[in-house]
Every structure is written in structure tokens, then in C-alpha cells.
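Hi,

Here is the structure I promised to pass on. Have a look at it first, and my notes on what turned up follow below.

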Amino acid sequence: MSKVYICDHPLIQHKLTFIRDERTNTKDFRELVDEVATLMAYEITRNIPLEKMEVNTPVGPVQGRVISGRMLGVIPILRAGLGMVDGILKLLPAAKVGHIGLYRDPETLKPVEYYVKLPTDVQERELIVIDPMLATGGSAIAALDLLKRKNCTQIKLMCLIAAPEGIRAVQEAHPDVDIYIAAIDEKLDDHGYIVPGLGDAGDRLFGTK
């Protein structure tokens, strides 16, 4: 069974509170999501392997450590996942970015695919799939299904807020994919929204209704 990691760093929790606040305007919401994505990227990359490298300081040689040639990829689920991309790239500027476009059918709550564009070497990369909300889990599962059909095997999922129902659904469908989140909320409402959540992440990021 996949593991669930709650990123409970005080800075993440502080910023998440203002992300949730209905009074937070679009500009501040966008900046806060960007900042939390950077902080969560620090957590999700904690176990990246290192290798030794010798360099010369102005005083003398030293045996340092650098990332061990690991190629990374960031895969936002459109459209809300776009709000987290730049924050991650601040920490991982060499990562390639792919896009998976999904929307949730308002009647069935099932994900519908409308756009896919991935790096040509996506199978060779350790991938971080990002979406601010893990609600029913339908979109995340569909994105993970798609990546596995492309023979991707090293995948993690990163979200700001998750509902217990969404976590269970992803774990059942993809027990090999670890989940990184900033908070687990109470439940889903009858419309499939996370309670208390933060509302519609896409609308709040882009100022739409």
C-alpha cells in the first residue's frame, strides 16, 4: 500500500490557512499556492539519492555530494495544477514539464481527458503529478493510469488538500504511488467538493467562476 506523507512544516500550514481563507484575493491566492508548492517540493525530494563529488574551495579540496543524475518530471493536471508548477521549478529548474488535461463531468463526477502532452523521455524520469485538490480521486487515478500506460514506473502524487475518500481511492487503484499532501480534510460533500477545503482551486487561481 502506498504511503501518505503529510507535509506539516509550520510555513506550509501557515500559508495553507490563508489559501483556504475566502477573503484571499486571486493575486495573493496564486502567490501562496506557488510558495507552498516550493516548500512541498523540498519535502517530496527529501530522499533523492546523492553521489560524491570533489570540488575545490578557495581554501582547499572538499568531498561534497550532488544529486545522483536523477531526471525529474513535473506533470500538472490541468488546469488547477498549473498553479503549482512554477513553485516546484524554482527548486527543480532542470525538471521537464508535461501536461494532462482532465475535467470532471458535473453529472457523473468522472474525469474526462481532453489534452495530453508529455516529455519524450517521460518513461525515464521520476515524475511528480500535481493537483491542488485530491477530492474523489478520479482525476488523479486517470492521470496515473495514463502515465502507467506510457510505461512510467516512478511516480509520486502531490496535492495541497485531500479528502479521505480520495486518498483511499488512489491507494486502491495505485498502491505503488506515494501521496504527499499538506492537509487531510473531513469529507466530500454531495457535489464531490472537499469539506472544508478551499473552494474551486482553478477558479480561485485564475479569477474565474
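The largest pocket holds about 640 Å³ of space. By pocket I mean, on a 1 Å grid over the protein atoms alone, an open set of points where a 1.4 Å probe fits, with protein on both sides within 12 Å along at least five of seven lines; lining residues have an atom within 4 Å of a point. Grid points are joined across faces, edges and corners, and the volume is the space filled by probe spheres set on the points.

Before going on, keep in mind that this is a predicted model: local features need pLDDT of at least 70 and side-chain atom pairs count only at pLDDT 80 or more, while totals for chains, interfaces and linings use all residues. Residues are numbered from 1 along each chain as its sequence is written, and side-chain values use heavy atoms, with hydrogens and water left out.

Back to that pocket: 29 residues line it, and R104, D131, M133, S139 and D200 sit closest to its centre. The lining splits into 17 nonpolar, seven polar and five charged residues (Ala, Val, Leu, Ile, Met, Phe, Trp, Tyr, Cys and Pro count as nonpolar, Asp, Glu, Lys and Arg as charged, and the others, Gly among them, as polar). At least two lining residues come from each of β4, β6 (99–104), β7 (111–117), β9 (133–134), α4 (138–149) and α6. Helices (H or I, at least four residues) and strands (E, at least two) are DSSP runs, numbered from the N terminus.

The second largest pocket has about 280 Å³. Of its 15 lining residues, I48, I67, L72, L91 and L92 are the closest to the centre, and by class the lining has 11 nonpolar, one polar and three charged residues.

Now the packing. The largest nonpolar core has 37 residues, and I19, M40, I88, I130, M158 and L160 have the most contacts inside it. A core here is a set of buried Ala, Val, Leu, Ile, Met, Phe, Trp, Tyr and Cys residues joined through side-chain atoms within 4.5 Å; buried means under 20% relative accessible area, exposed over 50%, and partly exposed in between (1.4 Å probe, protein chains only). Elements giving two or more residues to this core include α1 (10–20), α2 (26–44), β8 (126–130) and β10 (155–162), and α2 gives the most, with eight. If you click on I130, you'll find that its contacts (heavy atoms within 4.5 Å) include V74, I77, M84, I88 and M158, not counting residues up to four places away in sequence. Another core, of 25 residues, lies apart from the largest one, with L127, I141, L147 and I181 among its members.

On to charges: the whole structure has 12 salt bridges (a side-chain nitrogen of Lys or Arg within 4 Å of a carboxyl oxygen of Asp or Glu). R20 and D185 form one of them, at 2.7 Å, N to O. R20 is in helix α1 and D185 in the loop between β11 and β12 (187–188), so the pair ties together parts 165 residues apart in sequence. R20 is partly exposed at 24% relative accessibility, whereas D185 is buried at 8%. D21 and R23 also pair up, at 2.8 Å, N to O; here D21 is buried at 19% and R23 is exposed at 71%. D121 and R125 form a salt bridge at 3.0 Å, and both are buried. K27, D28 and E31 are linked in a network.

Cheers
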